Amino acid sequence: MSDANKTTDAVAPADAPVVAPEPVTATAPATEPAAKPEAPVTAAITSATEPTAAATTTTAAPAATETTGDAKPETEKEASPLAQLWEAAKNHGHPEIWGVPLADPANHIPSQIVFQKYLNANDGDLAKARDQLIKTLDWRKKSDPLDLVRRMYSKSKFEGLGFVTTYVVDGKEVDEPEEREIFTWNIYGGVKSIDETFGNLEEFINWRVALMELALQELNICGAIKPITADYDPYKLFQVHDYKSISFLRSPPHVKSASAETIKVFAQNYPELLKEKFFVNVPAIMGFVYGFMKLFVAPKTIKKFHPMSNGANLAKEFAESRIKGLGEKLPAEYGGKGGELKAVGKEPFLTAE
């Protein structure tokens, strides 16, 4: 089973410090010229002059050297990529990402996970990771997702359209991230009115972000006990999009706008949070969704997307999970034996208008 938001992966080591050549000491008698110093081997250091006649004393003078502007003293080491991302976050000023209060990743595992995910999402490219991090901080400062998850949303527009479910080993509370699986469910086939649900783009995005932040609360990166690497990261989610009985097969413009904006927001601001994404009960005409995804989502993330024409086969996809019988825990309509999403899932807060 493959992983479902990696945008979406190794960190390049810092350059080795420049080492100046040691002074050359003459071993010849005082009446003979001193040995000519060897040429420096470090590209950043060049010999200023050739030895002069004055160098024929008992001890030869060390070759004069100068360093380029980019060279660093041996005692000054470049900060690690994680430390540099932390510095960028401090300079920005927004205090959190995904509910994690940002701190020094050297001694705060949740922050290490957040910063490492940005590095992983950009294949270890520090400049790109920093740029994406700053854009996320800008967006979170402006949108305030932690407030969005506490807001009330229209019951008539969004009831039954989004759920979060959590499954753990043997149904017990666990601390190990590998023993917990979080699912977000988007039941687009349950849309009652296209105009009401998708007509207000900002309202739809706010609700969609609230659902994601609700899932992140369940993922509990704030309580993480294991750091991640480029190759090890269990702090991810499964996503399921269900298009059963979908009524907007011709994909009106506001539906396309909502889909495109959701993809852009999530690709930019929720990197490396997706294990796998399943599109179930998908009609062939929904191909436009994949067109938008290819524009904004990293190719390695696209590989995590799985379209399925029959949602009842979803449970079979989890036969190899560390959580025994995970497929059976899913709702019956997805091939499992578990309760319905309305009974076992969490939704963003809803209110009757």
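Is Thr 165 buried or exposed, and what is the relative accessible area of Thr 165? Thr 165 is buried, with a relative accessible area of 2%, where buried means under 20% and exposed over 50% (1.4 Å probe, protein chains only). The model is predicted, so that local features need pLDDT of at least 70 and side-chain atom pairs count only at pLDDT 80 or more, whereas totals for chains, interfaces and linings use all residues. Residues are numbered from 1 along each chain as its sequence is written, and side-chain values use heavy atoms, with hydrogens and water left out.

**View 1. Surroundings of Thr 165.** Apart from neighbours within four places in sequence, Thr 165 is in contact with Glu 181, Ile 182, Phe 183, Trp 185, Leu 341, Val 344 and Gly 345, contact meaning heavy atoms within 4.5 Å.

**View 2. Packing of helix α1 against helix α3.** Helix α1 (residues 81-92) and helix α3 (residues 126-143) pack at an angle of about 30 degrees, their axes being 10 Å apart. α1 is therefore roughly parallel to α3, a term for angles under 35 degrees. The residues that meet include Leu 85 and Ala 88 in α1 and Leu 133 and Leu 137 in α3, and the residues of this contact divide into 9 nonpolar, 2 polar and 3 charged.

Conventions. Axes are lines fitted to C-alpha atoms, for helices over the stretch in contact, and angles run from 0 to 180 degrees between N-to-C directions. Helices (H or I, at least four residues) and strands (E, at least two) are DSSP runs, numbered from the N terminus. Angles under 35 degrees count as roughly parallel, over 145 as roughly antiparallel, 65 to 115 as roughly perpendicular and the rest as oblique. Ala, Val, Leu, Ile, Met, Phe, Trp, Tyr, Cys and Pro count as nonpolar, Asp, Glu, Lys and Arg as charged, and the others, Gly among them, as polar.
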